[in-house]
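Please examine the sequence and the structure shown below. The report that follows describes selected parts of the fold and then a few individual residues.

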Amino acid sequence: MPAAKVNHIEIAYQTTGKGAPLVLIHGHPFDHTMWYPQIEAFSTHYQVITPDLRGYGKSSLPGKAKTKFEDYATDILLLLDHLKVSSFHLGGLSMGGQVIMEIFRQAPERIKTLIFADTFAGLDTPEVKQGRYDAAARLEADGMDGYADEVIYKMMMPAHVSSMPNAAGRVIKMMKATSPKAAATALRARAERIDYLTEVLPKIDIPTLVIVGREDEFTPVAKAEELKENLQNCKLVIIENAGHMPNLEQAEEFNRTVLEFLDSVNYSESSF
């Protein structure tokens, strides 16, 4: 897997297919392989670029410097500079959805469309913010195994953990392979992020797709509806029988939804 040295770290990435660039940003605590059904489906139409965020997968963390949430976005933009990708479609799930909000804040002119999956834009409540700090301390002290075994039942619908053993096994494997330090770093950085609901969403006027699993416990449908209400050019799709990871739980519907959205944007552009 290739890697680029940017921002004093190594960012690993995969590029698959040819066509207009489509960048997909994974969630926490995963890596780029969470997009495997999408890489297969989208790479027949697009150049799919799937990086590992700093500290995740095969990407590194800086030595002593503190990571701020905006650093995750800056890394990706510098990677795309390295790849000579000037403009692109951009999607992200969960924490990845917030990362792409920050990418838009830093470089709005480079982004053609945005795809938000199972994410939210506003600040955490004080209780949730403290929970991130507590979880970070726990992961550093105890590692990822116990956390992964617990949280899998919120990452996917509980019924799917047993009915989709291959997908569930892959999710658990990704979580347990994640560096506890990287996961803790991300939790703390995320707790200190800006309010994207008020500071970024009102500025987004490009075509935007919001996707959410009907049974998502982490980011419920109400959060997706909040996104839609605060975006100017947005389509909302609720995927039935899916939790926080509809890209795995209902991959065919997720893929069809994204491709139809991108096709509609491409058609609108070509009709002028």
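## Strand S5 and its neighbours

In this predicted model, strand S5 and strand S6, which covers residues 111-117, run parallel and are joined by six bridges. One of the paired positions involves Phe88, whose bridge partner in S6 is Ile111. Strand S3, formed by residues 21-25, also runs parallel to S5, and four bridges join the two. Two of these positions may be located by name: Leu24 has Gly91 of S5 as its bridge partner, and Ile25 stands opposite Gly92 in S5.

How many residues of S5 are buried? The strand comprises residues 88-93, and six of its six residues are buried, so that S5 is described as mostly covered. The covering applies to both faces of the strand. On one side lie Phe88, Leu90 and Gly92, and on the other lie His89, Gly91 and Leu93; all of these residues are buried. A residue is counted as buried because its relative accessible area is under 20%.

## The whole sheet

Strands S3, S5 and S6 belong to an open sheet of eight strands. Across this sheet the order is S1-S2-S4-S3-S5-S6-S7-S8, and the pairing is mixed. The edges are formed by strand S1 (3-6) and by S8, each of which pairs on one side only. From one strand to the next, the twist averages 20°.

## Two β-α-β units

Which elements make a right-handed β-α-β unit with S5? They are helix H3, residues 95-106, and strand S6.

Helix H10 includes Glu225. With a relative accessible area of 36%, Glu225 is partly exposed. The C-alpha atoms of Glu225 and Leu83 are 35 Å apart in space, and the two residues are 142 residues apart in sequence.

## The packing of H2 against H3

Helix H2, which spans residues 69-82, packs against H3 at an angle of about 70°, and the axes of the two helices are 8 Å apart. The angle therefore makes H2 roughly perpendicular to H3, because angles of 65 to 115 degrees fall in that class.

Which residues of H2 and H3 meet? From H2 come Phe69, Glu70, Tyr72, Ala73, Thr74, Ile76 and Leu77; from H3 come Met95, Gln98, Val99, Glu102, Ile103, Arg105 and Gln106. The residues of this contact divide into eight nonpolar, three polar and three charged.

## Residues in the loops

Ser59 is placed in the loop between strand S4 (47-51) and H2. Is Ser59 buried or exposed? Its relative accessible area is 7%, and Ser59 is therefore buried. When residues up to four places away in sequence are not counted, Ser59 touches Glu10, Ile11, Ala12, Asp52, Leu53 and Arg54.

The loop between S3 and helix H1 (36-42) contains Pro29. The peptide bond that leads from His28 to Pro29 is cis, and its omega is near 0°.

Asn7 has a phi of about 55° and is placed in the loop between S1 and strand S2 (9-16). Its relative accessibility is 27%, so Asn7 counts as partly exposed. Lys84 has a positive phi of about 60° and lies in the loop between H2 and S5. Lys84 is exposed because its relative accessible area is 75%, and the cut-off for this class is over 50%.

Methods: Residues are numbered from 1 along each chain as its sequence is written. This is a predicted model: local features need pLDDT of at least 70, side-chain atom pairs count only at pLDDT 80 or more; totals for chains, interfaces and linings use all residues. Side-chain values use heavy atoms; hydrogens and water are left out. Buried means under 20% relative accessible area, exposed over 50%, partly exposed in between (1.4 Å probe, protein chains only). Two strands pair if DSSP finds at least two bridges between them. A crossover is right-handed if, with the strands pointing away from the viewer, the path from the first strand over the helix to the second runs clockwise. Axes are lines fitted to C-alpha atoms, for helices over the stretch in contact, and angles run from 0 to 180 degrees between N-to-C directions. Angles under 35 degrees count as roughly parallel, over 145 as roughly antiparallel, 65 to 115 as roughly perpendicular and the rest as oblique. Contact means heavy atoms within 4.5 Å. Ala, Val, Leu, Ile, Met, Phe, Trp, Tyr, Cys and Pro count as nonpolar, Asp, Glu, Lys and Arg as charged, and the others, Gly among them, as polar.
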